[in-house]
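Here are my notes for a first look at this model. Please keep the structure open while you read them.

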Amino acid sequence: MDPLDRKALLLDEVRKYHHEAQPDRRFVPGVTEIWPSGAVLDEDDRAALAEAALDMRIAAGVSSRRFESAFARRMGRRKAHLTNSGSSANLLSVSALTSHLLEDRRLRPGDEVITVAAGFPTTVNPILQNGLIPVFVDVEIGTYNTTADRVARAIGPRTRAIIIAHALGNPFEAIEIAQLAADHDLFLIEDNCDAVGSRYDGQLTGTFGDLSTVSFYPAHHLTMGEGGCVLTANLALARIVESLRDWGRDCWCEPGESGKCLKRFEYQMGTLPVGYDHKYIFSHVGYNLKATDLQAALGLSQLAKLDEFCAARRRNWRRLRDGLADVPHLVLPEATPRSDPSWFGFVLTIDPEAPFSRAETVDFLESRKIGTRRLFAGNLTRHPAYIGQPQRVVGELTNSDLITDQTFWIGVYPALTDEMIDYVVASIREFVQARG
Ligand SMILES: Cc1ncc(COP(=O)(O)O)c(C=O)c1O
């Protein structure tokens, strides 16, 4: 049989297998797990992965390049660089700001980067990993974002950049914070890992900063299993990100490609001899944070469903919000004014005066197989990893502490059905009524 025909036959079988291997999807209240998040994978995803495997595209290749250009176009940025995680994307973004290619604008050890205290650790870690100093500000309860006012108050003489995540899909005041960055000559990195498809004032998040990052871990809007991306409209920054991602090399040929610059053996850099192979000239102290074509093939197949996924997340969030609107003792989540979030989760804070605790609430929900998660680290400065690290804190971290003590979130991801959401709403109402 012709290998192409055999491949088509195999992929046909993979699609059949996909349907045969589906677990029983009937929802049994209190028995079926209602996950807070998870990958939503269909037969196209399985076939895309199988095809990449059949082609043995085990390193970055054609699908990686296709994904990078499709995703950049989709997100309205000139360049996207695929990485092996969202954390790696954050590491590359902050590290890029320290590049010698930025000359006077480069960040140097001891320079400050403003961030929020309540969030995910790997938004903050690259600041410390680059010898920079995090400046922590508090967030609001309800939006779980900081404000431009808080950021403005934190700017000091050594402040050079801002990195903030759009909290659980809810955009921060991106126009105002980008304006502050422009006024004070600061770089802005948007950690957009939880917010693909969100808009602020009609504009996609991830397009306000110098750089933005995305995660493709299964909990996120699109998944590759593991994976991430750095996006930028700035070609100089893109070049630095690529170099840092690809071992620090100066050459920008794709793996397997050679001589795109047409002068591969004509360079003289550093104290190397003239004509040293440009593929092996290193202009940054880099990493290898690339992803594989298996990941990119899945990413391309997922990308086709992005609108559908974002719409389902919005619908599920709205159903929870409407269903819980009149329940006492709960602080319900609020979209940042002028925003249209593509939600990551539905955040709840238990009023500290409530006649029940967060622990009791979470225990009750988990006993009903309703999965809960914390707003990541809560106040990061209270974790062992950050105590004693160089840092500056501006103002009180009262709300970050409240989040640490009283906040959790539940799921809105696309696989949740109306029946599941209604069960979650009914369970919370029942719990509060019994305790209230
Ligand atoms: C805001 C934020 N930034 C970064 C990350 C890290 O992404 P990854 O798990 O792909 O490393 C996450 C992970 O969930 C996140 O929520």
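1. A definition comes first. A residue is buried if 20 or more other C-beta atoms lie within 10 Å of its own, exposed if 12 or fewer, and partly exposed in between, with C-beta atoms placed from the backbone. By that test, buried residues make up 45% of the 436 residues in the chain.

2. This is a predicted model: local features need pLDDT of at least 70, side-chain atom pairs count only at pLDDT 80 or more, and totals for chains, interfaces and linings use all residues. Residues are numbered from 1 along each chain as its sequence is written.

3. The chain has 13 helices and 14 strands. Helices (H or I, at least four residues) and strands (E, at least two) are DSSP runs, numbered from the N terminus. The radius of gyration is 23 Å, close to the 22 Å that the globule rule gives for 436 residues, so the chain is as compact as a globular protein of that length. That radius is taken over C-alpha atoms, and the rule is 2.2 Å times the number of residues to the power 0.38. The C-alpha trace spans about 80 × 70 × 40 Å along its principal axes.

4. Look at helix H3, residues 62–75. Its 14 residues should span 20 Å at 1.5 Å a residue, and its end C-alpha atoms are 20 Å apart, which agrees. The expected span is 1.5 Å times one less than the number of residues.

5. Which residues of H3 are buried? They are Ser63, Ser64, Phe67, Glu68, Phe71 and Met75. These cover an arc of only 135° around the axis, which puts them on the same side of H3. The arc is that of the directions from the helix axis to the C-beta atoms. On the other side of H3, Ser69 and Arg73 are exposed. Just after H3, glycine 76 takes a positive phi of about 70°.

6. The buried residues of H3 pack against several elements, including helix H2 (43–54), strand S1 (79–83) and helix H9 (293–303). Contact here means that C-beta atoms, placed from the backbone, lie within 7 Å.

7. The chain is divided into domain 1 (53–302) and domain 2 (306–435). These bounds come from an automatic or database domain assignment. The domain centres, taken over C-alpha atoms, are 28 Å apart. Their contact takes 40 residues from domain 1 and 40 residues from domain 2. On the domain 1 side, strand S3 (133–137) is among the contributing elements. S3 gives the most to that side, with five residues.

Note on methods
Contact = placed C-beta atoms within 7 Å.
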